[in-house]
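I opened my notebook to look around a new structure, one feature at a time. Come along and check each entry against the picture.

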Amino acid sequence: MTGPAPAATVGDRPPVIETRGLGKVYSPGSQAEVVALRGVDLRIGHGEFVAIMGPSGSGKSTLMNLLGCLDTPTTGSYLCDGVDVSTLDAEALAVLRRDTIGFVFQGFNLLPRMTALENVAMPMAYAGIPGAERTGRAHQALAAVGLASRESHRPSELSGGQQQRVAIARALINRAPVLLADEPTGALDSRTGEEILALFKQLRDDGHTVVLITHDPEVAAHADRTYVMHDGELHLQEEPA
Ligand SMILES: Nc1ncnc2c1ncn2[C@@H]1O[C@H](COP(=O)(O)OP(=O)(O)OP(=O)(O)O)[C@@H](O)[C@H]1O
Ligand SMILES: [Mg+2]
C-alpha cells in the first residue's frame, strides 16, 4: 500500500484488523510458485465498513483467507484485535475464528439437507451453547434478516438472496464482531444484491466491522473506504475528484 495508512484506531482500542507486510506465496520454490500477496499493510478499526476490489486473480480471496485465519502468511504478520495470530496454537485459533470472525462466501455454503433454522443454529453446537438457546437465537437471527417465515425451508426451497441471508445469519450467530464477505452479492441479481447490501450497512451501524470483496463499484461506493488489489498489492482507492 502506498502512503500512510488511514487512521483506524477508535479511541484507544487497537484496530480490529492490522496486517504488516503480509505476503503469501503458493508452492514456494516450485515451478508452480505463485506470489499472491506482496507486503500488504492494512488497518481496519472497530465498526468500519471496508470494500476490497480488484481484478480476478489479484489476491483478494487470498487476503480474506488470511484475515479469517483459514490460511497462514509466508511473510509479515497479522494482528487480530491486537493479538498476533502466529502466536496462537490450533485451539486458540479455532476459538478466535469462532468468536471473532464470521464468513460469508459467494456460493453460500449452506448444508443442503438442513433447514434454514438448522443451518443458522449449527455453529452454536461447536460453541457448546445448549439446545434451547441455540434454537431461540437462530429464530432471532433469521427474523433479523427478514426470514422468519422460511425457517423450515431447505436451501433448495429458497431464492439466492434468501440463501445468502441465511448464510449471513449463520455467520453472525456466535456474535462475531467481524464479518468477512467474499463476493456476497456476486451471484445475485442487482435488486437482491441491494437488499444484502442494506443488511451489511445495518450490521455496520450496529457496530460490526465489515470487510467486503466485490467487483461492483456501486456496492463498494457504500463502504467507508475502498482498497484496490493489483497483482498482490493493496492500494487505497483515491476519492473521485
Ligand atoms: N491454493 C492455491 N494454490 C496455488 N495458487 C493459488 C491458490 N489459491 C489462489 N492461487 C493463485 O493466487 C492468485 C490470487 O488468487 P485469489 O484467489 O486470491 O484471487 P482473487 O483476487 O480472489 O480472484 P477472483 O476475483 O477471481 O476470485 C491467483 O493467481 C491464483 O491462481
Ligand atoms: Mg476470489
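My entries follow, starting with the ground rules.

**Ground rules.** I am reading a predicted model, where local features need pLDDT of at least 70 and side-chain atom pairs count only at pLDDT 80 or more, while totals for chains, interfaces and linings use all residues. Residues are numbered from 1 along each chain as its sequence is written, chains are lettered from A and ligands numbered from 1 in the order in which they are written, and side-chain values use heavy atoms, with hydrogens and water left out.

**Entry 1: the ligand.** Which residues are around ligand 1? I found Y26, V34, A36, P55, S56, G57, S58, G59, K60, S61, T62 and H215; a residue is listed if one of its heavy atoms lies within 4 Å of the ligand. I sorted this shell by class and got 4 nonpolar, 7 polar and 1 charged residues. In this sorting, Ala, Val, Leu, Ile, Met, Phe, Trp, Tyr, Cys and Pro are nonpolar, Asp, Glu, Lys and Arg are charged, and the others, Gly among them, are polar.

Next I looked up polar contacts (pairs of N or O atoms within 3.5 Å; within protein, one must be able to donate a hydrogen and the other to accept it, and residues adjacent in sequence count only if both atoms are side-chain atoms). A polar side-chain atom of S56 is 2.6 Å from an oxygen atom of ligand 1. For T62, an N or O atom in the side chain is 2.6 Å from a ligand 1 oxygen. S61 uses a polar backbone atom, 2.9 Å from an oxygen of ligand 1. The protein covers 59% of the 640 Å² of accessible area that ligand 1 has on its own; such areas come from the Shrake-Rupley method with a 1.4 Å probe, and for residues only the protein chains shown count as cover.

The elements giving two or more residues to this shell are β2 (34–44) and α1 (60–67). α1 gives the most, with 3 residues. Helices (H or I, at least four residues) and strands (E, at least two) are DSSP runs, numbered from the N terminus.

**Entry 2: helix α1.** Is α1 largely enclosed or open? In α1, 6 of the 8 residues are buried, so the helix is largely enclosed by the rest of the structure. Buried means under 20% relative accessible area, exposed over 50%, and partly exposed in between (1.4 Å probe, protein chains only). The buried ones are K60, T62, L63, M64, L66 and L67. Just after α1, C69 takes a positive phi of about 60°. C69 and L93 are 24 residues apart in sequence, yet 7.4 Å apart in space, C-alpha to C-alpha. I placed L93 in helix α2 (residues 90–100), and L93 is buried at 18%.

**Entry 3: the sheet.** I traced 4 strands in an open, antiparallel sheet, in the order β2-β1-β4-β5. Two strands pair if DSSP finds at least two bridges between them. The edge strands, β2 and β5 (83–84), each pair on one side only. Strand β4 (residues 75–80) is joined to β5 by 2 bridges, and L79 has D84 as its bridge partner in β5.

**Entry 4: aromatic rings.** How many aromatic pairs does the whole structure have? I found 1. F103 and F105 form this stacked pair, 5.2 Å centre to centre with 5° between the planes. Rings of Phe, Tyr and Trp (its six-membered ring) pair if their centres lie within 6.5 Å; planes under 30 degrees apart count as stacked, over 60 as edge-to-face and the rest as tilted.
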